[in-house]
Number of protein chains: 2
Amino acid sequence: MATIGDVAREAGVSRSTASYALSGKRPISDEVRRRVLAAAEALAYTPNAGARALATAQTKVLGLLAQFHEDEFAPAMMQYILGVTNTARDLGYDTLLVTEADGVRALRRVTDSRMVDGVVLLNIAQDDARLPILRAAPQPGALVGLPGDCSGLDVFDLDFEEAGRVMVDHLHRLGHRELILVSQPEHVVERGGAYVWRLRDAALERARQRGVTLHAVYGESRQPAVGRLLNGLLDAYPAATGLLVNNEAAAAALPSVTYARGLRVPEDLSVIGRYSAEFAATFSLPYSHIESAPDRLGAMAVRQLVRRVESEAARAEPFVVRFLSPELVSLGSTAPPLPR
Amino acid sequence: MATIGDVAREAGVSRSTASYALSGKRPISDEVRRRVLAAAEALAYTPNAGARALATAQTKVLGLLAQFHEDEFAPAMMQYILGVTNTARDLGYDTLLVTEADGVRALRRVTDSRMVDGVVLLNIAQDDARLPILRAAPQPGALVGLPGDCSGLDVFDLDFEEAGRVMVDHLHRLGHRELILVSQPEHVVERGGAYVWRLRDAALERARQRGVTLHAVYGESRQPAVGRLLNGLLDAYPAATGLLVNNEAAAAALPSVTYARGLRVPEDLSVIGRYSAEFAATFSLPYSHIESAPDRLGAMAVRQLVRRVESEAARAEPFVVRFLSPELVSLGSTAPPLPR
DNA sequence: CTGAAAGCGCTTACAG
DNA sequence: CTGAAAGCGCTTACAG
């Protein structure tokens, strides 16, 4: 591989001149610049990333830490990752994807070794053990997901509380008075997934205000357990006319369940989910849903992160906690309840 | 951050001694080693990755290039990616995930700049434009997926031809004489996805040998098109008693279709899919299927890649093309056809 | 067993 | 406008 020394020799200039001609960081005569660019072109010169990182203290790489817990719903994760990698690339950064189980160790490794200029964390737990490490790291960090303590980091998440209220209000307005809410499995909550109870508690509160009965239960993340659970719920609450689903696996399993029971949606049962458009399209889900916008959240986190990475001034700004307003995408799976 | 110079000073030795004590690459007296390790510990010393890469010409990072084409089935990709990242980490490597649309450009960037020690390519096309770049690169490369020309690279893929034969044989043995095969959409084939016709052609050939009628059609990758397609097929071939599904989206949409038509599986229709166990569990798919083993394929590719990266001798070995034998996971979705 | 020095390939003050 | 030199933080022959 050609080095900057090769380019300089080929162009008949010093290495520093070659470097400046390529970077444009100081004025260079047209003639010399032309020769340097031609030499670089001819030798297919590409700067060595390690050498540049060492000299500039910038790697142009962002770390992306994702946790894949046993028994969690992996497919939805892909959209968050793509939101991050694609936005990073647009801004001139590559992405180091770290998926190992020990997130604390992983985070320490990539920050201490200076492999990355900044870090995005996915799957934030309420009391996430990675956060103290990230706060202490020299690189800035951004979270997709709301932890208990947001200090020292930029945080981006869907407004799950508003999502819960929107779901309840929508069905209440249509005339529903008894609803079921299926959340993620209990172990997701135990692990610290605050979004589960943020949505649930807000939905319960709003239901109380509106005089709506809301049965809120934990779900399952896999078949056949999730199918059994849905059947059990529909058996247990025969008067319920609306179903809220804050659980991708349950949403994916629901069509089979309703077909098997001969339930028509929305005539017999109104349904509102919470997932991404991508997810809905891929898995044939015909339900109106709160768009979870994983790509947008990933993109927002990266943009803010890169701002802090690249600007001293930005790094001094106060940290932000930004909630994306939930948007209800209507696919016609809700209607007024049938008179009984 | 502490440098090796800080550690050396703290331990009262030279930088080279500190380096050797840490790496163990030459004998060091117990006393000195103890002091160095203590100093490194006390200063929380972690080597600077860029500096090490520059000195050793090894980054301990692998590149993973994935292509996400418009209208393709993204969720299945996650398992391949996890297979790669987790195996890489086990072997001491981090993973740079590159997802930009222009794969040629991306590959050139990461190899020319020496950001990675080796590269794994996903979504291999029959005539993949990235392959010439990878062959010419100084780093070794491994493919998950079979291209037209395997020269100069290690290749790993499911044996899709054998998969087609296993599917046909299994149903033939049960007494089926008319089958439908739903493949990926035509544009996946046009883009170069050879595995589609590898499975199909082998299935057609085997069906011919066995005297089985096989209707092979392209599928769709999204709803509602895929649901319509499945209904259309079942209408068009009412005498078919078995369905082979080499298309994740079609498999995911099938339960709704069979329920809606009042078809029982396997009594009225035997079904065999081709996807991963992870996929089956997540999406409630009750069908016997050929396990596509994305995690195993990713792991195989990484192991071979790292062998070549780390050993001169391994780099001189002939390139391999390794096919994973398809395994039929029986979930009871096939049975002898009902007498008509 | 240990140290002083060179070198990896860049960038960027410092001089002119 | 251009060049010679220092330095980023490591590793590893070269000497002793």
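Hi everyone. A quick definition to begin: helices and strands here are DSSP runs, numbered from the N terminus. With that in hand, here is a tour of this predicted model.

Let's start with Asn123(A), which sits in the loop between strand S3 (118–121) and helix H7 (130–136) of chain A. Its phi is positive, near 50°, and the residue is not a glycine. Most residues other than glycine have a negative phi. Asn123(A) has 22% relative accessibility, so it counts as partly exposed.

Ala44(A) also has a positive phi, about 50°. You'll find Ala44(A) in the loop between helix H3 (30–42) and H4 of chain A. With a relative accessibility of 44%, Ala44(A) counts as partly exposed.

Next, the peptide bonds. Val265(A) and Pro266(A) are joined by a cis bond, with omega about 10°, and Pro266(A) belongs to the loop between H12 and strand S9 (270–275) of chain A. In chain B, the bond from Val265(B) to Pro266(B) is cis, with omega near 10°.

Now, how do H12 of chain A and H12 of chain B pack? Their angle is about 10°, with the axes 9 Å apart. Angles under 35 degrees count as roughly parallel, and therefore that is what we call H12(A) and H12(B). Tyr259(A) and Tyr259(B) are among the residues making the contact, which divides into six nonpolar, two polar and no charged.

How values were computed:
Residues are numbered from 1 along each chain as its sequence is written. Chains are lettered from A and ligands numbered from 1 in the order in which they are written. This is a predicted model: local features need pLDDT of at least 70, side-chain atom pairs count only at pLDDT 80 or more; totals for chains, interfaces and linings use all residues. Side-chain values use heavy atoms; hydrogens and water are left out. Axes are lines fitted to C-alpha atoms, for helices over the stretch in contact, and angles run from 0 to 180 degrees between N-to-C directions. Helices (H or I, at least four residues) and strands (E, at least two) are DSSP runs, numbered from the N terminus. Angles under 35 degrees count as roughly parallel, over 145 as roughly antiparallel, 65 to 115 as roughly perpendicular and the rest as oblique. Contact means heavy atoms within 4.5 Å. Ala, Val, Leu, Ile, Met, Phe, Trp, Tyr, Cys and Pro count as nonpolar, Asp, Glu, Lys and Arg as charged, and the others, Gly among them, as polar. Buried means under 20% relative accessible area, exposed over 50%, partly exposed in between (1.4 Å probe, protein chains only).
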